[in-house]
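Biologist: I have this one open on my screen. Can we walk through it?

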Amino acid sequence: MNSGSRGLHSLLKQYFGFTAFRPLQEEIIADTLAGRDVFAVLPTGGGKSLCFQLPALAREGLTVVVSPLIALMKDQVDALQAAGVPATFLNSSLAAGESRPRLRGLHNGEFRLLYVAPERLLLPGFLDDLKGWGVNLFAIDEAHCISEWGHDFRPEYRQIASLRALFPKVPVMALTATATERVRGDILEQLHLRDPACYVASFNRPNLIYRVSGKAGAYRQVLDFLRARPRESGIIYCQARKTTEALAAKLSADGIASAPYHAGLTPRERSGNQEAFLRDELRVICATIAFGMGINKPNVRFVIHHDLPKNIEGYYQETGRAGRDGLPSECLLLFSPGDRVKYGRFIDEKHDPREREIAREQLEQVVHYAEGATCRRAFLLGYFGEAFPEDRKEPGTERGHDINCGGCDNCLAPRDTWDGTIAAQKFLSCVYRIRERSGFGVGLQHVVEVLCGADTERVRRWGHQELSTYGIGREHSRAEWAAIGRELVRLGFLLQDASRFNIAELTDAGRELLRSKQPVTLTRPVAAPVPAKYRAGEIACDELLFDKLRTLRKQLADERSVPSYIILGDVALRQMARAYPLTEAEFSGISGVGEKKRREFGTLFLAEIAAHLKIHPRQSFPAASFSEPGPPARSTLTDTVMETLHFFRQGKSVEAIAKIRGVKEATVFSHLEAGLLAGEELDVRELLDARSWEEIATALKAHQGGALSPVFQALGGRYHYGHLRLVRAVEFGGGGV
């Protein structure tokens with residue numbers, strides 16, 4: 001076939017229906033046809049696939065495409081075959097009977113493109129076959145998988161480098177949508193590319209709007225977002241498989257066609273859900289962050305990150321699945337500082353120090369993005385080494401300080417700022433004093449403990465309770481101080497060393513700030529959006545309970561084949577989720593509950609409310625404030641208590657938790673007690689055998705579940721005060737000391 005410019009445009013129109021190339025495509029294709037190695041970084045939706053698909057049509061021979069995404073192989077091959085391109089794939093999803101005719105066709109030279117997974121490619125017998133199939137190009141898709149600094153490192157990709165020795169005359173093309181300068185260098189080195197032509201397109205996706213919202217009642221936030229866009233489809237990324245399934249089930253129950261997508265599903269389930277999404281039979285796919293979907297749906301109008309992504313590259317690639325048709329699309333990230341703590345614990349459990357270092361550095365970058373107050377587009381582009389137009393960076397400012405892209409929340413509605421001069425001076429002084437006294441640095445969390453006057457084992461061991469900065473920060477909570485510390489890192493006054501457990505050190509700019517005491521402006525944290533005024537007639541209530549009652553109502557309605565409102569209206573459900581009725585008399589006082597409905601449905605709704613209250617505390621609401629309720633209720637438990645509960649739910653003992661956290665066992669017991677009293681579901685009975693639990697409960701009952709000292713003495717001091725507290729919390733709901 002003619003490989004000249006006119007011939008390429010003819011093939012482009014004939015097979016793909018386009019009359020012009022996208023930026024860099026024609027240059028990449030020309031270098032490839034000239035037999036040169038090529039490395040291309042093109043954003044999602046930038047037309048990477050065409051860069052190897054068109055050369056495969058422009059000359060004889062076989063183009064082998066190495067891809068880790070099995071689902072994407074089928075999608076691309078189906079599209080190519082529909083366009084008249086002879087293409088096929090071989091992977092583990094095929095039965096033996098399906099593979100044989102494809103192999104026969106490859107032996108007969110019937111195909112121009114072959115998609116394979118790296119594991120299949122490197123099988124000895126398969127490599128022998130390749131030598132007889134006339135391979136003229138190896139295209140390595142998702143090339144960032146070869147770099148340990150990439151967001152999706154796959155060890156099997158490292159073995160691809162052996163192709164160079166086995167096929168020394170065959171050019172190699174490496175393609176990726178997301179790669180920092182460090183990852184780009186690693187790809188070039190690992191693949192042994194020879195004098196490659198390198199192309200890096202702009203990472204800017206001007207049609208995407210980026211937003212970050214504080215996570216508070218995540219399901220309600222997601223549901224409101226979807227209901228405001230009734231005809232749009234999109235993807236919701238979650239951290240855990242269980243979350244994808246629960247979220248998809250709840251959305252489906254609320255009338256939004258949804259399905260999960262993760263590696264734990266069977267291949268048939270995954271492909272079925274993906275096909276339904278591609279055919280617009282599903283509005284929403286709930287997918288795990290860790291599992292690449294490999295979808296090619298052009299009209300994805302939104303991407304929601306229900307949980308914190310692991311790194312910026314992954315976040316950019318996942319948000320890039322929105323708006324591939326170039327039309328405006330939205331990217332929403334729900335952020336909670338607690339997610340950072342949770343992910344940090346997961347990272348600490350990694351055995352490989354190198355993996356921990358990389359993961360910590362990547363996590364901090366994501367948190368900086370989520371908490372940053374400047375242009376999010378400029379941040380993303382800067383991360384990949386690209387300057388946004390008019391991007392200026394001055395000492396003590398975040399990248400993109402003078403930018404307004406008009407397409408992110410920070411540019412469209414800048415957050416409030418405050419005079420953080422005193423707070424910055426206190427934090428930086430504390431970092432300095434700790435280093436001065438101990439001769440070593442510590443992490444941000446320990447600095448926060450010193451500022452708040454915490455009585456921990458580490459504070460006492462290192463004598464930090466004697467520092468002049470000990471306890472000088474009690475005007476802020478620990479969470480607030482942690483956010484201040486992270487912003488000082490972003491502003492360049494502090495530096496965190498990921499290779500040394502994120503130890504915080506003063507930078508030159510930080511030392512200068514301590515000396516000069518110049519004003520410092522800090523930004524209010526990302527918060528969940530709370531409308532200034534709710535819809536007329538809105539009734540403030542426990543939204544989680546309201547959802548449960550609505551699910552029960554739907555079940556009852558389906559059993560009777562009637563609309564839900566025939567059972568009870570939303571007003572009745574919201575009043576129940578506000579007043580928490582537990583008796584039939586209280587239930588009768590709910591609007592819309594007559595005698596028949598009291599008899600028919602009272603027991604079921606009361607049981608649902610009682611079950612809810614066993615694991616969730618009551619919420620209080622302003623009297624008769626139906627139109628303008630306050631912001632969503634937040635947990636009263638501190639970060640340090642939640643951290644203890646996290647370890648306890650992992651099955652760690654009280655002794656082990658105390659050792660890990662550097663606190664006394666009594667402190668761990670007090671955290672568990674606080675969790676129980678706040679309605680957290682904790683299986684504390686496992687800490688005592690049944691006989692001991694009963695003995696303590698009996699003694700507590702004799703003393704009306706009150707003061708513990710007489711109970712401790714009555715039991716002869718045989719039980720820890722902590723055990724007494726936990727039994728009291730479970731059996732009596734707390735009491736005096």
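Biologist: Along strand S7, which side chains point to one face and which to the other?
Modeller: In strand S7 (residues 197–200) the side chains alternate. Buried means under 20% relative accessible area, exposed means over 50%, and partly exposed is in between, with a 1.4 Å probe and protein chains only. Strands are DSSP runs of E with at least two residues, helices are runs of H or I with at least four, and both are numbered from the N terminus.

Biologist: What should I know about the model itself?
Modeller: This is a predicted model, where local features need pLDDT of at least 70 and side-chain atom pairs count only at pLDDT 80 or more, while totals for chains, interfaces and linings use all residues. Residues are numbered from 1 along each chain as its sequence is written, and side-chain values use heavy atoms, with hydrogens and water left out.

Biologist: Back to S7. How many bridges join S1 to S7?
Modeller: Four bridges join strand S1 (residues 38–41) to S7, and the two run parallel. Phe39 stands opposite Cys198 there. Two strands pair if DSSP finds at least two bridges between them.

Biologist: In what order do the strands of the three-stranded open sheet come?
Modeller: The order is S15-S17-S16, with antiparallel pairing. Strand S15 (442–443) and strand S16 (494–497) are the edge strands, each pairing on one side only. S16 is joined to strand S17 (residues 503–506) by four bridges, and Leu494 has Leu506 as its bridge partner in S17.

Biologist: How many helices and strands does the chain have?
Modeller: The chain has 34 helices and 18 strands. Of its 737 residues, 53% are buried.

Biologist: Different topic. How many aromatic pairs are there?
Modeller: The count is 14 aromatic pairs. Rings of Phe, Tyr and Trp (its six-membered ring) pair if their centres lie within 6.5 Å; planes under 30 degrees apart count as stacked, over 60 as edge-to-face and the rest as tilted. The pair Tyr315 and Tyr369 has ring centres 5.0 Å apart and planes at 50 degrees, so this pair is tilted. Tyr315 lies in helix H14 (residues 312–319) and Tyr369 in helix H16 (residues 353–371), so the pair ties together parts 54 residues apart in sequence.

Biologist: Is Tyr315 buried or exposed?
Modeller: Tyr315 is buried, with a relative accessible area of 1%. Tyr369 also counts as buried, at 2% relative accessibility.

Biologist: And which residues form one aromatic cluster?
Modeller: Phe203, Tyr316, Tyr383 and Phe384 form one.

Biologist: Now charges. How many salt bridges does the structure hold?
Modeller: It holds 32 salt bridges. A salt bridge is a side-chain nitrogen of Lys or Arg within 4 Å of a carboxyl oxygen of Asp or Glu. One of them joins Arg376 and Asp409, whose closest N and O atoms are 2.7 Å apart. Arg376 is in helix H17 and Asp409 in helix H18, 33 residues apart. Arg376 counts as buried at 1% relative accessibility, and Asp409 is buried with a relative accessible area of 14%.

Biologist: What about Asp547?
Modeller: Asp547 forms a salt bridge with Arg220, with the closest N and O atoms 3.2 Å apart. Asp547 is in helix H24 (residues 543–560) and Arg220 in helix H11 (residues 218–227), 327 residues apart. Both Asp547 and Arg220 are buried. Salt bridges that share partners join Arg220, Asp224, Asp254, Glu543, Asp547, Arg550 and Arg574 into one network.

Biologist: What does the side chain of Arg283 reach, then?
Modeller: The side chain of Arg283 reaches the backbone oxygen of Glu232 at 2.9 Å. The backbone oxygen of Leu226 lies 3.3 Å from a polar atom of that side chain. Arg283 itself is in the loop between helix H13 (267–278) and strand S11 (284–288).

Biologist: Last one. Where is Gly406 found?
Modeller: Gly406 is found in the loop between helix H17 (376–383) and helix H18 (409–412). Gly406 is partly exposed, with a relative accessible area of 44%.

Key
A polar contact is a pair of N or O atoms within 3.5 Å; within protein, one must be able to donate a hydrogen and the other to accept it, and residues adjacent in sequence count only if both atoms are side-chain atoms.
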